[in-house]
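Welcome, and please open the structure in your viewer. We will go from one selection to the next and say what is there.

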Amino acid sequence: MSDPPPGREIDLAVPTTDSQEMEASVSENWSFSLYIAGPSPKSTRAAANLRQLCETHVPGRYTIEVVDLVQDPSIARTEDIFAVPTLIRRSPQPMCRVIGDLADADDMVGDLLGFEPTPMG
Amino acid sequence: MFVAHNGGRTILPPTKEVVLMRRDQSSAEVLDSGTSSTGLRKTPTGISGIDELTGGGLPQGRSTLVCGPAGCGKTLLAMEFLVRGFRNFDEPGVFLSFEETIDDLVTNFVSLGFDLTGAEDAGQLVIDHINVGRGEPNASGDWDLDGLFLRLAAAIDTIGAKRVAIDTLENLFGAFPNAATLRSEMHRLFGWLKERGVTSLITAERGDGTLTRHGIEEYVSDCVIALDNRVIEQASTRLLRILKYRGSAHGTNEYPFFIGQAGVSVLPITSHDLSYPVSTERISTGVASLDAMLGDQGPFKGSMVLVGGGPGTGKSALVASLCEATCQRGKRAMYFSFEESPEEILRNTRSVGLHLARWVDEGLLELHCFRASLLGLEEHLFKIKELVARYDPAVVVKDPVSSLLGFGTSAEIAFLLTRQIDFLKARGITCVFTTLTDAFDVGAAQQKLASLADTWITIRHETADGTSERLLQVVKSRGMAHSNAIGALGISAQGLEITTRAGAAALTG
């Protein structure tokens, strides 16, 4: 396993709406924290897979926070993270955790994250 | 660029290299372990007994596995390894718990006098708890335990830890769906610990017919310690065995251990290899007629003399007269009493013609009086060790050791006394213990004591013709011809005197 070249960027979708606007349950906002340990291929894949899933299921209604534990290992302790990548869904409640790079098929991961099944693939 | 959203936590792009060991380095772990046959460095645990059994401690910079059934003392051993580390050797430690929470650990160890919170504040200890109790998390795709490595690395770096305890690592197996990934991660963890140069102690639960539930022993090649908890003679007995210690000789038997108020104590039966300096010198009991029964010269210097008898049979008077004789020779004596105060001892022995007070004044006699219930067994041992090391007496009296019964199982007390006798004999100190025996009904601890004794004297009351008589008998006295007579012990203001019945005074081996 080799690390990606330093300085490589990981593209993440920037949400269009602000997360404070939590009005109707219909347009509920989805909020995720993705915990990674450095820029490994697994981290990159996890971020890309998550973004793609969100774009498919909840476009424009999500925020993704990527937290690199290498930068601040104390977060691993406060959030009790030991496997990486760990994804925490902070909203909608209840919180849930998924570990791994989210590489399974779209509907499987979507199910873990709590997305409604999409009518079209 | 890593971009932070939602809440303003700014995540910068990683510029430092990843501090974790990469996967391809873990294969190096197998290579270098064969070179340790000479000059293997050891990290003393500071736990009584274990350092003796391992010839100096655990393999330094390596991992040691401690396995055993539930409730056998694994967590305690792991924590004590750290506590002794920073207390005795100035080595900070990290405790990584997969079971008990930090609060639980702190509370549980208060009773052993371990102030974990204080140690954390002083930068001697970091406790981290990893909650695997959530049940199996959802997983999708590939993952690793770098988060765990980071936590551990951060904890080690914070205090400059030299020791790491992980309790119980195998709990991770219940927490993850993919055992294969977990196995490779465990392998990586042990390699990583080694690379960090920390001496680690990993606990694991015994499996059904296997050493550990998930075969974790195959990753730890340096040292394996098995604990057990069995019921022997209706008494629950804890046992410790060193199964494996690469590159080092070690005791191979099962050794009993107990958990006292100061932590774990292992009793290596053959501590000091029973290689005491053996003396042929004899000491007087202060009672000429008793010396006569003991091969005409009294017990050996540096031996163990046990005086057993019922209440009021004159045990204390006998050992006091031995103290008197010792001080008369200009030697120091140390008297531990668990029943009488110093003033009582001085007054009561004065009535039998002994003037111990002057020896106290001359600094040849020290009286230490406390209730046996004051100290835990382990503390008791420790205190006496300390006092003896300071005073360096020729004779140590404990009156009566039977007071200790009831403050532990007879197995524990027997271990305690064996160790104490070992310690005293190794220094050439004559130990004189009295024990209160109820006629001939001796318990397990007393029996053990009697078998440890080099010279065993019993005194009992016998009533005949409206009077009562104290009858003294030398039951055994190793290495000397001793009398098989039963003598009448007379105690008067002139002192002690034994009159043997006519015709019975033969010396036997």
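Begin with Leu193(B): setting aside neighbours within four places in sequence, Leu193(B) is in contact (heavy atoms within 4.5 Å) with Ser63(B), Leu152(B), Val164(B), Ile166(B), Val198(B), Ser200(B) and Ile202(B). Apart from it lies another core, of 38 residues, including Ala317(B), Leu354(B), Trp359(B) and Val432(B). A nonpolar core here is a set of buried Ala, Val, Leu, Ile, Met, Phe, Trp, Tyr and Cys residues joined through side-chain atoms within 4.5 Å, where buried means under 20% relative accessible area with a 1.4 Å probe, protein chains only.

This is a predicted model, in which local features need pLDDT of at least 70 and side-chain atom pairs count only at pLDDT 80 or more, while totals for chains, interfaces and linings use all residues. Residues are numbered from 1 along each chain as its sequence is written, chains are lettered from A in the order in which they are written, and side-chain values use heavy atoms, leaving out hydrogens and water.

Next, select the largest nonpolar core, which has 42 residues. Leu193(B) is among those with the most contacts inside it, as are Leu145(B) and Phe176(B). Now colour α5(B), which gives this core its largest share, 7 residues. Helices (H or I, at least four residues) and strands (E, at least two) are DSSP runs, numbered from the N terminus.

Finally, move to the open sheet of 5 strands, ordered β2(A)-β1(A)-β3(A)-β4(A)-β6(B), with mixed pairing; two strands pair if DSSP finds at least two bridges between them. β2 (62-68) of chain A and β6 (138-139) of chain B stand at the edges with a single partner strand each, so one side of each has no neighbour in the sheet.

Note on methods:
Buried < 20%, exposed > 50% of the residue type's maximum accessible area, 1.4 Å probe, protein only.
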